Amino acid sequence: MNGVFEQAFRGRRVLVTGGAGFVGGAVAQRLVELGAQVTVLDDLFTGLPETVPNGARFVQGSVTDQALINDLVAENALVFHLAARNIIASTKNPDDFETNIGGTLNVLMAARETKVDRIVYSSSTSIYGNPRSIPINEDDLLIPLTPYAVSKLGGEHYCFAFYESYGLPIGCVRYSNIYGPGQRPDNPYCGVVSKFLAMTDDGAPISIHGDGEQTRDFTFIDDAVDATLLTAIHPRAEGEVFNVGTGIETSVNQLARMIGRALDIPVTLEHIDRRDVDNIRRRVVNIEKARRMLRWAPQITLEQGLARTAIWFRETGFAAERDAPATGAATH
């Protein structure tokens, strides 16, 4: 697949909004490796400057700055729009309208004027809420239960409105619980896998909100990046939305035990009160549309992905350098 990607991206000017975050940084890193001329825009609210890959141009700023967005979009042929307030920040302070919806509208308005080749919008499987049946299809009922999910769905609606009204070339990916190397446990907004790695390495009980039988579809970062890049270049992706997951349902209790095995450390589970954000009981997505239309399928199993993430966790020094135990505020 890298051969296809290199041919498609080498020398192309690409903007990655949110490129100092976990997923955005991984997308930017792959694009740099493929020879693209990458510009990263990030306001560093949750992102980190060290996440921006060497070889990329970094602009510190916000997608809410219309003039800045106009300039940056005009300079680039492709836009990966991954900038957003994440679910933890949004639930704590639900003021994400300006960034998640307004920022998306700014990108779309700029792209309409400059005729970009394509915009890839990163959405979230959180927009499905508690599904009536599983696995969840892209055309199933959408019942967002958090301010974050509402804002991501609003961004989707704007994307497809611009596609239908103005012919703007759009592709959308709905991510499901992305994890892997680069998801730093010292970032208070990181995901559950990194939190659990830190707790396990500290020898502390793994704090799980609720009974731990809530399920998610955990997706390795490299697989998510592949799906994202394919959505930018595949002719059949224009005007479409794709679930990006594995199709495999895993409980949070199972995940915690698997992390213990990945680190080769016995784990103790501690169940604590659920949070406002923990209102989804089961989630696993159907990825057949991406298989059929993009010829994409995840390559890394959860066991393999956790093993790779555990190696990164130790090799980067997070296992040795933390001064205090991780808290139990993990994103489920």
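Student: Hi! Let's start with α9 and α11: at what angle do they pack, and how far apart are their axes?

Tutor: Hello! In this predicted model, helix α9 (residues 252-263) packs against helix α11 (residues 302-315) at about 55°, and the axes are 9 Å apart.

Student: Are they roughly perpendicular or oblique, then?

Tutor: Oblique: angles of 65 to 115 degrees count as roughly perpendicular, so α9 and α11 are oblique to each other. The crossing of α9 past α11 is right-handed.

Student: Which residues meet there?

Tutor: From α9 you have Leu255, Met258, Ile259, Ala262 and Leu263. On the α11 side they meet Leu302, Glu303, Leu306, Ala307, Ala310, Phe313 and Arg314. By class, that contact of α9 with α11 has 10 nonpolar, no polar and 2 charged residues.

Student: OK, moving on to α2 and α8. How do those two pack?

Tutor: Helix α2 (residues 22-33) and helix α8 (residues 221-233) have axes 10 Å apart and an angle of about 65°. That makes α2 roughly perpendicular to α8. Their crossing is right-handed.

Student: And what residues make up the contact of α2 with α8?

Tutor: Phe22, Val23, Ala26, Val27, Arg30 and Leu31 of α2 meet Ile221, Asp222, Val225, Asp226, Thr228 and Leu229 of α8. The classes there are 8 nonpolar, 1 polar and 3 charged.

Student: α1 meets α8 as well, I think. What does that crossing look like?

Tutor: Helix α1 (residues 2-9) and α8 cross at roughly 45°, and their axes come within 11 Å. α1 and α8 are therefore oblique to each other, and α1 passes α8 in a left-handed crossing. The residues involved are Val4, Phe5, Ala8 and Phe9 from α1, with Asp226, Leu229, Leu230, Ala232 and Ile233 from α8. They divide into 8 nonpolar, no polar and 1 charged.

Student: Which α8 residues turn up in both lists?

Tutor: Asp226 and Leu229: they belong to the contact with α2, and they also belong to the contact with α1.

Student: Nice. Now the sheet: how many strands, and in what order?

Tutor: It is an open sheet of 7 strands in the order β3-β2-β1-β4-β5-β6-β11, and the pairing is parallel. β3 (57-60) and β11 are the edge strands, each pairing on one side only. From one strand to the next, the twist averages 20°.

Student: What about the β5 and β6 pair, how many bridges?

Tutor: β5 and β6 are joined in the parallel sense by 6 bridges. Serine 124, for example, has tyrosine 175 in β6 as its bridge partner.

Student: Which helices sit against those strands?

Tutor: α5 packs on the sheet and touches β4 (78-81), β5 and β6, with its direction at about 165° to that of β5. α6 lies across β5, β6 and β11 and runs at about 155° to β5.

Student: Which non-glycine residues have a positive phi?

Tutor: Lysine 115 is one of them, with phi of about 60°. Another is asparagine 177, with phi of about 45°.

Conventions
Residues are numbered from 1 along each chain as its sequence is written. This is a predicted model: local features need pLDDT of at least 70, side-chain atom pairs count only at pLDDT 80 or more; totals for chains, interfaces and linings use all residues. Side-chain values use heavy atoms; hydrogens and water are left out. Axes are lines fitted to C-alpha atoms, for helices over the stretch in contact, and angles run from 0 to 180 degrees between N-to-C directions. Helices (H or I, at least four residues) and strands (E, at least two) are DSSP runs, numbered from the N terminus. Angles under 35 degrees count as roughly parallel, over 145 as roughly antiparallel, 65 to 115 as roughly perpendicular and the rest as oblique. A crossing is left-handed if the near helix is turned anticlockwise from the far one by less than a right angle, and right-handed if clockwise. Contact means heavy atoms within 4.5 Å. Ala, Val, Leu, Ile, Met, Phe, Trp, Tyr, Cys and Pro count as nonpolar, Asp, Glu, Lys and Arg as charged, and the others, Gly among them, as polar. Two strands pair if DSSP finds at least two bridges between them.
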